[in-house]
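Let us go through this structure by question and answer. Keep the viewer open.

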Amino acid sequence: MRRPHYIALGVVILLTLGLLKLPSRAARNLKLAISGMFLPLFGLAGSTEELADKTSYALLPRRELVRQIEQLEKTNQLWQIHFRQAQEWKRENDRLREQFGVSRQYPWKPKLGRVVGRDPANWWRTIKIDLGSRDGVVTNAPVLTSDGLVGRVSEVGFAQAQVVLVGDPDCRVAVLVGDEKNREQGVIAPASSPLDNTLVELSYLSRHAKLAAGQSVVTSGLGGIFPKGIVVGQIADFRSVGYGLYKEALVRLAVKMNRLEEVWVMMP
């Protein structure tokens, strides 16, 4: 069983001894010839391994690419369905607006203005800004900040305009309060205390209104001046009045009127 191994070992030993006895130049040439016989095999093995690696790298990205394409196609189909639904909702919304005579809401263009003055006799009720008719400002244009509603433009000059603030008797605001399922409509009335400009009254709420402290109060868009959805403030307190026939609430304004420096005037 082991005889072939012994024969191979003897051949290797004889070749080794022969190489040692050969001149250096002849031994070097023989080594090169022997190694040249095995190089194609080594190159073949290396080429095969490299080809396998390249094939695996090429297949994996392709498989992943196919999967991503299929996923994108599904997502695209889903968005097409949503888009068709949105188109149908838009058509239905347009029909309902025509039937009930509700005007369409268009985007507003905000213009930044700086507060340049206050009337000492009416400090908490009005401000003056550095925008006027030359800037396109018109009467009744809504005024707000990033925090919420400020008021409306009451008078317009060439370079300045006067803004009446929320809480002034000349700035009543139709609002909504409550969640989407239980929204109540009301009107922001002047503040009960002339010394506290952070609280205003919310009137004309039904006795069934589900109120809670912290509820958000936003414009309803029914007054024809203020667009729907502008934050006015939050419910601070509420009570039943008129022997329980209706409710009133105190609303803490979202905007600190005594800190106004810059405001946005909304122009359609």
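Q: Which residues line the largest cavity?
A: The model is predicted: local features need pLDDT of at least 70, side-chain atom pairs 80 or more, while totals for chains, interfaces and linings use all residues. Numbering runs from 1 along each chain as its sequence is written, and side-chain values use heavy atoms, without hydrogens and water. A cavity is a set of points on a 1 Å grid over the protein atoms alone where a 1.4 Å probe fits but cannot get out; lining residues have an atom within 4 Å of a point. Here the lining is Trp124, Arg125, Val166, Ala191, Asn197, Leu199, Val200, Leu253 and Met257.

Q: How much space lies in the largest cavity?
A: Volume is the space filled by probe spheres set on the points, joined across faces, edges and corners. The search finds one cavity of 30 Å³ or more. The largest holds about 30 Å³.

Q: Is Tyr204 buried or exposed?
A: Phi of Tyr204 is near 65°, positive in a residue other than glycine. Exposed means over 50% relative accessible area. At 64%, Tyr204 is therefore exposed.

Note on methods: 1 Å grid on protein atoms, 1.4 Å probe; cavity = no way out; pocket = protein on both sides within 12 Å on 5 of 7 lines; lining within 4 Å. Buried < 20%, exposed > 50% of the residue type's maximum accessible area, 1.4 Å probe, protein only.
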